[in-house]
Each structure stands twice: as C-alpha cells, then as structure tokens.
Amino acid sequence: MKTKIVQIVLLLLAGCVIGASFMGLSVVVMHKTSSDKYCISCHTNHSLVPDNPQFSHLYNSKGITVKCADCHIAPGIGNYLKAKAGGFKDVFTYMFNGDFNTKEWIDKHRSELAEKALSDIAKTSSASCIECHSKIKSDLPKDMEPLAREIHQYNNAKSVEDQKQCIYCHRGVAHHYNKEWATKHTESIKNN
Ligand code: HEC
Ligand code: HEC
Ligand code: HEC
Ligand code: HEC
C-alpha cells in the first residue's frame, strides 16, 4: 500500500515537471514568434521592413521602437492566443503560396490585407494604440498641437459608442499610406 502511494506521488511529481517544462517551452516559442525578426521573416518584401513602419514609431525623441506585435497583437492573453491561432493559418498560406513575396501578389492583395489588419485592430477598439497612448483618452499631453487637442477633445466628449477609433483617423500610421485603399475605405465609411 505504502509503495503504491509513493508511486502515485512520484507519478504526479513527474507529471508536474513535464507539464512545467512544456509550458516554459511554449512561452519561449510564443515570445520568439512575436519578435519583429520573426514577422519580417515572412513579410520580407511587403515594404514593412524596419525603415517602413513610419518615422515616429521607429525613430522618435522618446527612444522607443514600437514593435510589429505592439500594434498588431492587442494586450491581454486572449488576444495573444487568438493572434497565435491566426498565425498558424498564415504559416500554411505562406508555405503553399509561392507568390506571397512577389510584387504582383502584394500589389494585388495589399488593400485586402490592410482592410483585414484594420478590422482586426478595430475589433479590439484600438486597444493596442491606447495601451501606449493612454493619455489621449483622458489627460491630453500639454504640448499637443492645438488642432490635435481640439479634435481629440471633441471625440472624447462623445459617448463611447459614437467615438471614432484611433486607426480610422490615423490610417497608414505605421506603413506607407496607401492612397487608393484609403480613398476606397473613406468612401465605404461614408456609405455606411
Ligand atoms: C509564416 C509566415 C508569417 C509570419 C511569421 C508572419 N506572417 Fe503575417 N501573414 C502571413 C501570410 C501568408 C498572410 C496573408 C494571409 C491571408 O492572405 O489570409 C499574412 C497577413 C498578415 C497581416 C494582414 C492581415 C491579416 O490578418 O491577414 C498582418 C497585419 C500580419 N500578417 C502581421 C504579422 C505580424 C505582426 C507578424 C509577427 C508577429 C506576422 N505577420 C508574422 C505570413 C506570416
Ligand atoms: C509601444 C507603444 C506604442 C504603440 C503600441 C503605438 N504607439 Fe503611437 N507612438 C508611440 C511613440 C513612442 C510615439 C512618438 C512620440 C514622440 O516622438 O513624441 C508615437 C507617435 C504616434 C503619433 C504621432 C506621430 C505620427 O506618426 O503621426 C500618432 C498619430 C500615433 N503614435 C498613433 C498611434 C496609433 C493609431 C497606434 C495604434 C495602431 C499607435 N500609435 C500605437 C508609441 C506607441
Ligand atoms: C477624429 C479624428 C481623430 C481620432 C479619432 C484620433 N485622432 Fe489622433 N490626431 C488627429 C489629428 C487630426 C491629429 C493632428 C495631425 C497629426 O499629428 O496626425 C492627431 C494627432 C495625434 C497625435 C500626435 C499628437 C501631438 O502631440 O501633436 C497622437 C499621438 C495621436 N493623435 C494619437 C491618437 C490615438 C492614440 C487615438 C485613439 C485613442 C487618436 N489619436 C484618435 C485626429 C484624430
Ligand atoms: C504603430 C502601429 C503599427 C506598427 C508598429 C506596425 N503596424 Fe502593421 N498595420 C498597422 C495598421 C493600423 C494597419 C492597417 C492599415 C493602415 O492603416 O496602414 C497595418 C497594416 C499592416 C499590414 C497589411 C498590409 C499593409 O501594408 O497595410 C501588414 C502585413 C502589417 N501591418 C504588418 C506589420 C509588420 C510586419 C510590422 C513590423 C515590421 C508592422 N505591421 C508594424 C499598425 C502597425
């Protein structure tokens, strides 16, 4: 009887050790797969290489480099896992779509991808933007341009449902502004 209990305890302990190592390993994998280097390994020619995420998010007086995942993966473990699950699909698309990094494919699909990226961020109410720019919602920075101050104040004063999201006013904030897509998008907002 005693040996049986010892066996069970040992088994449980072994289970815990294996479980913990597995979790540790997946945390490492998860983090590795959120680095800019990882994103750019597939999006090689999507004009998203480091000199493209526009000026202020790469080079600014604050010395902060905003990573791809800072904007594209909203805060919270739920959003993180959802993004990772979506990532699995992208791995397959990437593997079986040899044209992914060609100019032709990118030109043809950029609007569609931008639309999808935008709608993913919109679903989280631009949470990733607000995570860093929290003061835009509550206590506007003192040195903000008067026009920007006025516009944000006006927007903040509206009810939460009527407020316009950051990304709809700041289209192309990190990537080269896609005029053709932006015009189309503005029209589709107007028509809704
Ligand atoms: C294994 C290759 C691969 C990696 C790594 C990768 N992507 Fe992608 N990504 C793709 C493919 C393929 C698509 C196009 C999917 C489609 O057409 O449905 C895509 C699409 C996108 C889009 C467009 C919107 C969407 O959801 O389809 C965004 C934004 C994006 N990726 C951001 C990222 C970020 C940020 C990272 C790093 C955390 C990353 N990607 C890492 C292959 C990859
Ligand atoms: C990891 C933090 C971080 C995230 C996430 C982030 N930003 Fe920023 N943002 C910054 C920093 C730092 C600056 C530069 C501030 C400076 O130089 O004074 C900046 C600058 C800006 C500016 C002013 C300059 C310009 O390029 O027009 C705008 C607008 C802006 N961000 C909007 C956004 C939006 C919209 C999002 C979400 C899609 C976002 N930011 C996500 C940190 C962040
Ligand atoms: C109704 C449109 C609108 C909305 C919504 C909006 N902005 Fe702006 N924002 C502007 C305009 C216009 C400017 C001034 C021009 C510029 O810098 O792009 C500005 C400027 C900024 C700046 C630079 C401020 C400075 O010091 O001059 C930041 C940072 C910024 N916005 C972040 C955000 C964030 C984060 C959100 C979401 C919480 C947001 N904005 C929502 C229109 C908007
Ligand atoms: C400051 C926030 C921010 C950062 C940093 C950022 N993105 Fe984006 N990204 C966006 C937004 C917002 C969109 C939606 C379209 C738009 O407004 O430009 C987008 C669109 C995209 C798209 C769709 C196609 C396109 O060209 O518009 C891809 C792919 C993408 N991002 C990948 C990346 C990768 C890879 C990185 C890192 C090298 C990155 N993004 C860094 C905010 C960001």
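1. Ligand 3 is surrounded by 18 residues, the closest being His133, Ala148, Lys164, Cys166 and Cys169; a residue is counted as near a molecule if its C-beta atom, placed from the backbone, lies within 6 Å of it. The elements that contribute two or more residues to this shell are helix 7 (127–132), helix 8 (146–157) and helix 9 (166–169). Helices here are DSSP runs of H or I with at least four residues, and strands are runs of E with at least two, numbered from the N terminus.

2. The structure is a predicted model, in which local features need pLDDT of at least 70 and side-chain atom pairs count only at pLDDT 80 or more, while totals for chains, interfaces and linings use all residues. Residues are numbered from 1 along each chain as its sequence is written, and chains are lettered from A and ligands numbered from 1 in the order in which they are written.

3. Helix 8 gives the most to the shell around ligand 3, with five residues. The twelve residues of helix 8 should span 16 Å at 1.5 Å a residue, and its end C-alpha atoms are 16 Å apart, which agrees; the expected span is 1.5 Å times one less than the number of residues. The number of buried residues in helix 8 is zero, so this helix lies largely in the open. A residue is buried if 20 or more other C-beta atoms lie within 10 Å of its own, exposed if 12 or fewer, and partly exposed in between, with C-beta atoms placed from the backbone.

4. By class, the shell around ligand 3 holds ten nonpolar, five polar and three charged residues. In this scheme Ala, Val, Leu, Ile, Met, Phe, Trp, Tyr, Cys and Pro count as nonpolar, Asp, Glu, Lys and Arg as charged, and the others, Gly among them, as polar.

5. Ser125 belongs to the loop between helix 6 and helix 7. Ser125 counts as partly exposed because it has 15 C-beta neighbours inside 10 Å.

6. An unreviewed UniProt entry applies the annotation "binding site" to Cys39, Cys42 and Asp90; positions are given in the numbering used here, feature names are shortened, and annotations may be inferred rather than shown by experiment. These three span 52 residues in sequence, yet no two of their C-alpha atoms are more than 11.0 Å apart, so they gather at one spot. Cys39 lies in helix 2 and, with 17 C-beta neighbours inside 10 Å, counts as partly exposed. Asp90 lies in helix 5 and, with 12 such neighbours inside 10 Å, counts as exposed.

7. The annotation "binding site" in the unreviewed UniProt entry also covers Cys68, Cys71, His72 and His175. Although spread over 108 residues of sequence, these residues cluster in space, the largest C-alpha distance being 12.5 Å. Leaving aside residues up to four places away in sequence, Cys68 touches Asp36 and Cys39, contact being defined as C-beta atoms, placed from the backbone, within 7 Å.

Notes. Two residues are in contact if their C-beta atoms, placed from the backbone, lie within 7 Å.
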